[in-house]
Amino acid sequence: MPMLDDDMTPDMQRQAGPKAAWMVTFADLVSLMLTFFVLLFSMSSLQMDEWDAMTDTLTQTLNPGKLTTVAAATAEFNIGTIFRRQATDLDYLSGVLQRGVQEDELLRASKIMLLDDRLVVALPGDLLFPSGKAEMPDEARSALFTLGSLLRNVGNQIGVNGHTDPSLPSGESGFQTNWELSVARSAAVANALRASGYTDDIIAFGYADSRYGQLPEIDEVERAKLGRRVDIVIFPTVGGGD
């Protein structure tokens, strides 16, 4: 409870009086200074260009940039998710195929040749197809499934080339020329490899007997058998996906 003046002794009143008097003087001084600045402001003329510059400066200082929203990536593939397949070394792949074909009775008769720019697996046509036909029996399909399983995880580009001997197809074969027969056989082998799990595109060509003259001069019967072949060509480059 505050003490009233009547309750204060004369000594206490003398001590409290001078201490509170300075506040009255200070309040008067503040009031005069405020009045003085108001008077100065009312007498001055406002420069609009300076006012605009000042407001721009304050705006940029308090709000330096607009908040922008970055859209999230919606594409299925981007730089971080793209996986590029690698081609298998042909020297290594040649060794894998050499061991793999030895385990199959039909594929054991094939020839694997490692050239400078490709690996060639020459399949005997007489073991894959009946004479003059392009439909494979189940044994041939099973052999190609085994070969396709070895190539299933290979990223290299693969092509299939069909060849024939110079003899024309018989009338019962359904093919008028060796060109048609060689293309049909190469497509059949390519489809069998695709069915075994090789997912990349396969380039299929038919050469008929156009390269028969490049075969070595050996016994004519053996040379004709060699001419009726289907080559699986494996390139050192990466194949295209679907």
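Colleague: Why is Asp-117 called partly exposed?

Modeller: Asp-117 has a relative accessible area of 40%. Buried means under 20%, exposed means over 50%, and partly exposed lies in between (1.4 Å probe, protein chains only). The value 40% falls in between, so Asp-117 is partly exposed. This is a predicted model: local features need pLDDT of at least 70, side-chain atom pairs count only at pLDDT 80 or more, and totals for chains, interfaces and linings use all residues. Residues are numbered from 1 along each chain as its sequence is written, and side-chain values use heavy atoms, without hydrogens and water.

Colleague: What makes Arg-118 and Asp-117 a salt bridge?

Modeller: Their closest N and O atoms are 3.2 Å apart. A salt bridge needs a side-chain nitrogen of Lys or Arg within 4 Å of a carboxyl oxygen of Asp or Glu. The pair meets that limit, so it counts. Arg-118 is partly exposed, at 28%. The structure holds six salt bridges.

Colleague: Lys-225 and Glu-222 form a salt bridge too. Where do these two residues lie?

Modeller: Both lie in helix α7, three residues apart, about one turn of the helix. Helices are DSSP runs of H or I with at least four residues; strands are runs of E with at least two; both are numbered from the N terminus. The closest N and O atoms of Lys-225 and Glu-222 are 3.9 Å apart. Lys-225 is partly exposed, at 40%. Glu-222 is partly exposed as well, at 42%.

Colleague: What makes a set of residues a nonpolar core?

Modeller: The residues are buried Ala, Val, Leu, Ile, Met, Phe, Trp, Tyr and Cys, joined through side-chain atoms within 4.5 Å. The largest such core here has 31 residues. Ile-234 is among those with the most contacts inside it. Elements supplying at least two residues each include α3, β2 and β5.
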